[in-house]
Amino acid sequence: MRPSRAIVVLLLLASSVTWASSNDPLALLQRMEQARQTLHYQGTFTYEHRSEMESFRVQHWMKGGEVHERLEYLNGPEGAVRQLGDSVLCETTGYQLLHPEASAEEVSRLDHFYQLTVRGEDRIAGRTVTIVEVRPKDQFRYGYLLGLDQETGLLLKSLLFDEQKRLLERFQFVELDLAPEVRHWEASPGANASDPGHCAELSRGAPTRWELDWLPGGFVYSGERRLSDNITMLMYTDGLASFSVFLQPLDDGALSVEGRAQRGAISAFMGQLDTGEAAYRLTVVGEIPGTVAEQLARGVQPSDHSGQASAHNGQTP
């Protein structure tokens with residue numbers, strides 16, 4: 001299940017605008033992905049939701065053109081280290097905050113669904129950041145305040161707000177080192193790194209068995225995974241927010257509980273889908289309002305087009 005992710009933009013466009021002096025919010029967001037693909041860094045960050053706070057230590061480096069990381073939970077058992085690849089939507093909340101996923105095409109239409117505004121400067125982890133406000137233009141998504149390092153473009157802070165402008169999540173670096181000794185990380189043994197295990201290879205073709213009869217404007221299908229216990233995971237994003245749909249076969253006679261849940265910015269709706277031939281536990285999870293998660297869940301159906309989804313973008317039908 002994809003917990004949050006909740007709070008950053010991945011953009012695949014190269015920016016020709018000078019970073020420190022740019023007042024173009026889209027150009028500033030474009031620099032975020034540039035930073036992720038080029039920087040070595042280590043640091044400590046916090047993730048807050050409701051009255052809870054988690055702390056993480058991250059080591060991030062590039063090798064052979066690929067992103068490598070170790071993420072350590074500072075609240076849980078000592079030594080709980082994970083070696084993570086560039087696999088998004090199948091990892092921990094902390095990892096998701098650093099690595100959302102969007103294509104260049106999705107990014108190019110962000111300003112169709114969000115109002116992007118530069119809101120001045122702040123200081124995070126001893127570094128000057130530019131604050132970018134990302135305000136939704138409809139009721140189908142949340143709003144953000146992003147703090148982007150002026151020197152590198154790295155995301156150092158993110159606040160996420162619901163439709164009533166209530167704070168749902170806060171992500172913020174408290175310590176950052178941009179000149180780490182990467183050779184020590186590469187040489188360290190991986191025996192103490194735990195295996196994500198439940199993650200599976202991402203398929204980016206059209207959905208093979210399921211489709212949605214409605215999507216909020218701007219959201220597009222971004223991939224499918226087959227997880228353990230024969231669970232199918234479908235993923236969707238608008239270039240900033242994301243949600244996932246999970247379908248798990250139920251044993252004969254088994255019933256699935258129906259209802260909503262909320263954890264910080266993450267809404268979930270769980271129900272049951274009966275196709276006439278089989279029953280499935282159906283769950284929609286993502287950084288979307290709970291009413292939207294429920295509407296999406298009620299629109300899931302078997303595909304009638306040999307893997308070609310028929311979901312359309314737009315307003316509520």
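I note that the model is predicted.

I then examined the ring partner of Phe171. The centres of Phe45 and Phe171 lie 5.2 Å apart with the planes at 65°, so I recorded the pair as edge-to-face. Phe45 belongs to strand β1 and Phe171 to strand β9, so this pair joins parts 126 residues apart in sequence. I found Phe45 buried as well, with a relative accessible area of 0%.

I counted 11 aromatic pairs. One of them is Tyr41 with Phe173, edge-to-face at 6.3 Å centre to centre and 80° between the planes. I placed Tyr41 in strand β1 and Phe173 in strand β9 (residues 167-177), 132 residues apart. Tyr41 is buried at 2%, and Phe173 is buried at 1%. I noted one aromatic cluster formed by Tyr41, Phe45, Phe56, Tyr73, Phe171 and Phe173.

I recorded Thr46 as buried because its relative accessibility is 11%, and the cut-off is under 20%. Setting aside neighbours within four places in sequence, I listed contacts of Thr46 that include Met53, Arg170, Phe171 and Val174. The C-alpha atoms of Thr46 and Phe56 are separated by 6.3 Å.

Elsewhere, I found Arg141 over the face of Tyr114, 5.7 Å from the ring centre.

Finally, I checked confidence. The chain averages a pLDDT of 76, and 71% of the residues score at least 70. I noted pLDDT below 50 over residues 189-200.

How values were computed:
Residues numbered from 1 in each chain as written. Predicted model: local features only at pLDDT ≥ 70, side-chain atom pairs only at ≥ 80, totals over all residues. Heavy atoms only, no water. pLDDT = per-residue confidence, 0-100. Contact = heavy atoms within 4.5 Å. Buried < 20%, exposed > 50% of the residue type's maximum accessible area, 1.4 Å probe, protein only. Phe/Tyr/Trp six-rings, centres within 6.5 Å; stacked < 30°, edge-to-face > 60°. Helix = DSSP H or I, 4+ residues; strand = E, 2+ residues; numbered from the N terminus. Lys NZ or Arg CZ within 6 Å of the ring centre and 35° of its normal.
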